[in-house]
Amino acid sequence: MTIFYNSSLQKATFFLTGFPGLEDLHGWISIPFCSIYLTVIVGNLTILHVIRTDATLHEPMYYFLAMLALTDLGLCLSTLPTVLGIFWFDAREIGIPACFTQLFFIHTLSLVESSVLLSMSVDRYVAICNPLHYSTILTPARVVKMGLISVLRSALFILPLPFLLKRFQYCRSHVLAHAYCLHLEIMKLACSSIIVNHVYGLFVVACTVGADSLIIFLSYALILRTVLSIASHQERLRALNTCVSHMCAVLLFYIPMIGLSLVHRFGEHLPHMVHLLMSYVYLLVPPLMNPIVYSIKTKQIRQRITKKFEFVKSLRCFWQG
């Protein structure tokens, strides 16, 4: 399998990869992937619907949760067409414009998720360390600005990547290692030096995910200091309990990211299947688990979802009766 490069960039073609050696089982493999994608879509749409329709949830904490659900939904939909296209139709070809577009959305939404998690940590810090000024600090207008800044920052950092990749000619006889396009993979297929892409990629990671994770860690250090100064044991537990869902979301995002980075940097001797599984874990586990975690650990969300299901169940019984 080769990558064809013509005089026009638009005619260049990459080949995506499903699970090498298991092509005959792609139909069966698609079943768990379809289940995951369906769960991600339904779960995040449910979170968005509950927050939108319940006025009592129109608070900064839930606005940020809605942003997280939207980001997870977008990240899921960015990979769905090519992943299921391979499993169902063996549609492996992807043109460079389509590939670069997918790459832009995957990387941008990943950075947006990091930014939203940072905003949520700021929300928890203000709520616990400065509760009397919570409503004046995190006003609806300020929350909207934080969301817009998250999107703009991420998009502006990722926007140069397609243009940096567009400079190259892709003459090497290799296919992409995944069922979707990633910057790190594509630049390795270039014939010329990729040092600029390497340096810029590290710069982006340091300025976004690196800085975000550091600030999240510092915010929780301050939160912990404040919580430990509370005299009542029950109040301490109650304060910490409001952070559990967010801490789970942070771990669900950063642990797979760190794991995938370690596999790419030091796992060249590992089977290709390990690289594939880690990449799917990184892209699919956070969108899959975030709605579940928030539905279980956040009392207000859990109660509203339960009420919705009870209402639907009563309507069904009414029509059947």
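Which residues line the largest cavity? They are Met61, Phe64, Met120, Asp123, Arg124, Thr242, His246 and Tyr294. A quick word before we look around: this is a predicted model, where local features need pLDDT of at least 70 and side-chain atom pairs count only at pLDDT 80 or more, while totals for chains, interfaces and linings use all residues. Residues are numbered from 1 along each chain as its sequence is written, and side-chain values use heavy atoms, with hydrogens and water left out.

Back to that cavity (on a 1 Å grid over the protein atoms alone, a set of points where a 1.4 Å probe fits but cannot get out; lining residues have an atom within 4 Å of a point). It holds about 60 Å³ of space, a volume being the space filled by probe spheres set on the points. Helices α2, α3 and α9 each supply at least two residues of its lining, and α3 gives the largest share, three residues. Helices here are DSSP runs (H or I, at least four residues), numbered from the N terminus.

Now follow α2 (residues 60-89) and α3 (residues 96-129). Their axes, lines fitted to C-alpha atoms over the stretch in contact, with angles from 0 to 180 degrees between N-to-C directions, come within 9 Å and cross at roughly 160°. The two helices are therefore roughly antiparallel (that label takes angles over 145 degrees). Their contact has 14 nonpolar, eight polar and four charged residues. Here Ala, Val, Leu, Ile, Met, Phe, Trp, Tyr, Cys and Pro count as nonpolar, Asp, Glu, Lys and Arg as charged, and the others, Gly among them, as polar.

Helix α9 (233-266) has a partner too: α9 and α10 (residues 272-297) pack at an angle of about 180°, with axes 9 Å apart. That makes this pair roughly antiparallel, and its contact divides into 17 nonpolar, seven polar and one charged.

What about the second largest cavity? Its volume is about 30 Å³, and its lining includes Asn44, Leu68, Asp72 and Tyr294. The largest share of that lining, four residues, comes from α2.

Finally, turn to the largest pocket, an open set of points with protein on both sides within 12 Å along at least five of seven lines. Its volume is about 1,100 Å³. Of the 38 residues lining it, the closest to its centre are Val205, Val209, Met257, Ser261 and Tyr282. By class, the lining has 25 nonpolar, eleven polar and two charged residues.

Note on methods. Parallel < 35°, antiparallel > 145°, perpendicular 65-115°, else oblique.
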